[in-house]
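Reader: I'd like to learn how to read this model one feature at a time. Could you walk me through it?

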Amino acid sequence: MHLKFTGRKLLLSFATLMMLTCGGTITAFAHNLTAAIQSVTIDTATKNTININVSTNGDSTGTDGKLYIFEIKPYQSDLSGRSDPIASAPIAGNMDFSASLLAGPGEKRIYSAFTAAVKENGKYQMVGSRHYITNPEVLATNTDPALNPGKKGLRIENYLADDAISMNIKHAGLDLATEHFFGKGIWYYYEGKNYQINADMISYIDQSVKKLSDNGVAVTLVLLNSWNPAYPELYRPGVTQQAGNVALYYDFNVETESGYRAIKAMASFLAKRYNGKNGYGKVTNWVIGNEINNQYWNYAGISDITTYVRMYQRAFRVFYTAMKSESANDNVMFSLDLYWNMLPESGVFGKYKARDVLDTFNNIDIEEGRIDWGLALHPYPYPLVSPNFWDDLTTNQGKVTTDVNSPIVTFANLNVITDYMQNAGMLDTHGKVRHIFLTEQGFTSVSGQGQDVSQEQAAAVAYAYYIVYNNPYIDAMLLTRQIDVAAGDGMSDGLEYVGKDANGQEVMIHKPARDVFANIDNPALTQQTSEFAKAVVGITDWNQVIPGFRYPGQ
């Protein structure tokens, strides 16, 4: 287009230039609005309304003068083809919106995110990040405090629940194979659709959860998503079954509508089933996936850490929302391994430093709506085939140190992470240190050279428990394992093993570590139980290695 200057100075703003296009077509101004959703909460009085607060720069240039609020699902990346805002108002500086929590018959918007948009050129354009509801717990009918009768816990075998209870455990860890969740036997109607749930698997979990919780044990359920070709909706689009050395478990899929609906149904069913009010027992703590800083345990096929963590977190929020909207004080966590500031040494694809994953998760949480997630750590000794973690600071060529940049965190320097979690940017929405559980770690009774180190294993159990007991920021420690299994990691980390008696019959044989574990938290027995461990560790007093040390009961 030719511009003819007339005797006066012509000033063209950037916005005016944007109106001019080849061929003489005039389009709408580009918008100058900036907007950020500050909060999305369920109204605590009505519990059926969503309150949304948005801050803007108030500039309506290039728009129709209104700001629109859209509901957006995890699998939706923009507003292409959308014309269904749930609220709108003339653009102002600080704006408040409200919308119904109900999206339709039987469907609530508690799992959705919300985004601000403008109408430009007849189309809606997002003008800020998505933001999720941050207080689903206001809908919960179970508002009991989270059960935590002590810090001693064990990852158990379902069929050995009685044996675990006999060791006076306060916490128990169970795994649920989510790839077998759907099946036959239980009908579950959710959001207008019937789902068939695998009754055999659920019945198996029911027995242990009920027995444990009826005995006052806090149950932690770890959700692990292996491969099942019968339910492709459980996996991210484009992900295929990987070789055994590449991936064992897979990221939960909320990137398709079918996957999102399946994960919502799964999460909702589990939250309701194990809310402690339906006769099936209570699950108090939930861990979504396993060691997510290594895709061997949570394969998504994404190499970029931010994209990977964002996808994981959107699935995590579905589970978090389901659990918290049923039982307000449940702990919902993600797990990290011991590779704090170095890449995991196992696995072949998608390996990240645990601290980088933690920071990325936290940053996205701040961006998309802060919730009270918890942390599940696995501070195994290094190397795994040595139970003597008290030597880790001196025998690992600087891989285990006492500063925040330590490549690896074990029990020898566990305070590195609890100190880090006390930083202001890591605190929960109430300004407190987040819940931290040690949900998987164990000590071998057979060294990497095949030597019997059962006394060292027993000493490690005592020492580790004392570290946890004296650290106010650790909620619980769940040892692995109850019995030895062939896990391929070179460890014999059970408290027991299957042997044979004089008649050749299979029996459970106790290692020294079992008796230590059974009595270590008993104020009447703990000192005599752990006395032998001082010589094994090389000390004469626990205060030498645990500042301010106190025995259980003191």
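Reader: Is the crossing in which α9 passes α10 left-handed or right-handed?

Author: A crossing is left-handed if the near helix is turned anticlockwise from the far one by less than a right angle, and right-handed if clockwise. Here α9 passes α10 in a right-handed crossing. Before we go on, this is a predicted model, where local features need pLDDT of at least 70, side-chain atom pairs count only at pLDDT 80 or more, and totals for chains, interfaces and linings use all residues. Residues are numbered from 1 along each chain as its sequence is written, and side-chain values use heavy atoms, with hydrogens and water left out.

Reader: At roughly what angle do the axes of α9 and α10 cross?

Author: Axes are lines fitted to C-alpha atoms, for helices over the stretch in contact, with angles from 0 to 180 degrees between N-to-C directions. Helices (H or I, at least four residues) and strands (E, at least two) are DSSP runs, numbered from the N terminus. The axes of α9 and α10 (residues 512-519) cross at roughly 15 degrees and come within 8 Å. The two helices are therefore roughly parallel to each other; the cut-offs are under 35 degrees for roughly parallel, over 145 for roughly antiparallel, 65 to 115 for roughly perpendicular, and oblique for the rest.

Reader: Which residues make the contact?

Author: Contact means heavy atoms within 4.5 Å. From α9 come S454, Q455, Q457, A458, V461 and A462, and from α10 come P512, A513, V516 and F517. By class, the residues of this α9 contact with α10 are seven nonpolar, three polar and no charged. For the classes, Ala, Val, Leu, Ile, Met, Phe, Trp, Tyr, Cys and Pro count as nonpolar, Asp, Glu, Lys and Arg as charged, and the others, Gly among them, as polar.

Reader: How do α9 and α11 cross?

Author: Their axes come within 9 Å and cross at roughly 115 degrees, with α11 spanning residues 526-537. So α9 and α11 are roughly perpendicular to each other, and α9 passes α11 in a left-handed crossing. Among the residues of α9 that meet α11 are A458, A462 and Y466, while the α11 side includes F532, A533 and V536. The residues in the contact of α9 with α11 divide into nine nonpolar, four polar and one charged.

Reader: How many residues does the largest nonpolar core have?

Author: A nonpolar core is a set of buried Ala, Val, Leu, Ile, Met, Phe, Trp, Tyr and Cys residues joined through side-chain atoms within 4.5 Å. Buried means under 20% relative accessible area, exposed over 50%, and partly exposed in between (1.4 Å probe, protein chains only). The largest core has 141 residues, and L67, L270 and F411 are among those with the most contacts inside it. Helix α9 (residues 454-469) gives the most to this core, with 12 residues. A second, separate core of nine residues includes L224, Y249, V287 and M333.

Reader: What does L270 touch?

Author: Leaving out residues up to four places away in sequence, L270 touches L176, F181, L223, W286 and M323.

Reader: Which peptide bonds are cis?

Author: One joins Y382 and P383, with omega about -5 degrees. Another runs from T480 to R481, with omega near 20 degrees. R481 lies in the loop between β20 (476-479) and β21 (496-500).

Reader: And what is the phi of N121?

Author: N121 has a positive phi of about 60 degrees although it is not a glycine. N121 sits in the loop between β8 (113-120) and β9 (123-126), and is exposed, with a relative accessible area of 57%.
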